Amino acid sequence: MSAKNILVLGAVSAIAQAYARQRAPSGARFLLVGRDAARLAPIASDLVARGAAGADTAVADLAETDAIETRLAEWRQNFGAPDEVLIAYGALGDQAESEKNLDIARKAIEVGFTSVAMWVLALLKARAPDAPLTLAVIGSVAGDRGRASNFVYGAAKGGLDRFLEGVTHANAGTPVHVVTVKPGFVDTPMTDGLPKGPLFASPDRVAADIVSAIEKRRRVVYTPWFWFVIMTIIRHLPWFVFRRMKI
Ligand SMILES: NC(=O)c1ccc[n+]([C@@H]2O[C@H](COP(=O)([O-])OP(=O)(O)OC[C@H]3O[C@@H](n4cnc5c(N)ncnc54)[C@H](OP(=O)(O)O)[C@@H]3O)[C@@H](O)[C@H]2O)c1
């Protein structure tokens, strides 16, 4: 792979860190964006130690949609146009709290869907004609079927899935490559509160699947692969079975 300019939105995410570590030896240049400068700095130094040609950092609340175009213009001026973007930021949220407090539900939808969709539109709008651009966007298997236990987060990821499907369709035959990444359970700070079981994957495993999907120009990747099978079954379960399930 030739050296690239890689923009990582949500660079402190455990999955994003694993992805960047795997990309660094190619000599890529990174712009790492997150909310906390002190946490971004050691991630940047580590990437340079692993072979990255450079790793700049920028602090931003990525859910602030009004600032997206200004931030992107500023970053493009200082860092150059990205060839590859990983959109990794997200929050699991609290389903029960979202049902009690509409502000919490709205924020969950803004973080998981609205802001991500706006970043994708802004990146496409800013792209020079004919410039190649790869957008790897982390959705979730939770978006494949609405479930009682997390339908606010799931709806945001499900909406994102439809949105990216349309973006992929709109850019067919162009140098824009969109990868919708659908992880199952991943052992990251996001799932700290959940009991761990055999279905949990490591961030490294998920990152390897993202890198492979980018290189093979896949449109959608379930990671690990067996979630494709699980979600095919879940999506096709008849209502009289599904309604009794505590999931
Ligand atoms: N872990 C799983 O089981 C799982 C499964 C399916 C999909 N995913 C998706 O995978 C992606 C990465 O999550 P992860 O598992 O790597 O969890 P993680 O380590 O907790 O990372 C999530 C990151 O998102 C950042 N973030 C949240 N809201 C933000 C905002 N408004 N602006 C900037 N950054 C923001 C957080 O920043 P702070 O550190 O500043 O809070 C955190 O670094 C997410 O989109 C998640 O929905 C995860």
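At what angle do helix α3 (residues 68-79) and helix α5 (residues 102-126) pack, and how far apart are their axes? The angle is about 45 degrees, and the axes are 10 Å apart. Axes are lines fitted to C-alpha atoms, for helices over the stretch in contact, and angles run from 0 to 180 degrees between N-to-C directions.

This is a predicted model, in which local features need pLDDT of at least 70 and side-chain atom pairs count only at pLDDT 80 or more, while totals for chains, interfaces and linings use all residues. Residues are numbered from 1 along each chain as its sequence is written, and side-chain values use heavy atoms, with hydrogens and water left out. Helices (H or I, at least four residues) and strands (E, at least two) are DSSP runs, numbered from the N terminus.

The crossing of α3 past α5 is right-handed, meaning that the near helix is turned clockwise from the far one by less than a right angle. On the α3 side the contact (heavy atoms within 4.5 Å) involves I68, E69, R71, L72, W75 and R76. Its α5 side consists of S115, M118, W119, A122, L123, K125 and A126. By class, these residues comprise 8 nonpolar, 1 polar and 4 charged. Ala, Val, Leu, Ile, Met, Phe, Trp, Tyr, Cys and Pro count as nonpolar, Asp, Glu, Lys and Arg as charged, and the others, Gly among them, as polar.

A second pair is formed by helix α1 (residues 14-23) and α7, whose axes come within 8 Å and cross at roughly 55 degrees. Accordingly, α1 is oblique to α7, and their crossing is right-handed. Among the residues that meet are A14, I15 and A18 of α1 and P203, V206 and I210 of α7. The contact divides into 11 nonpolar, 1 polar and 4 charged residues.

**Backbone features in loops**

Most residues other than glycine have a negative phi, and most peptide bonds are trans. The table lists departures from these patterns.

| Site | Backbone value | Loop |
|---|---|---|
| T223 to P224 | cis, omega near -10 degrees | P224: between β7 (220-223) and α8 (226-236) |
| D130 | phi near 75 degrees | D130: between α5 and β5 (133-138) |
| R217 | phi about 55 degrees | R217: between α7 (203-215) and β7 |

D130 counts as exposed because its relative accessibility is 67%; buried means under 20% relative accessible area, exposed over 50%, and partly exposed in between (1.4 Å probe, protein chains only).

Definitions and conventions:
Angles under 35 degrees count as roughly parallel, over 145 as roughly antiparallel, 65 to 115 as roughly perpendicular and the rest as oblique.
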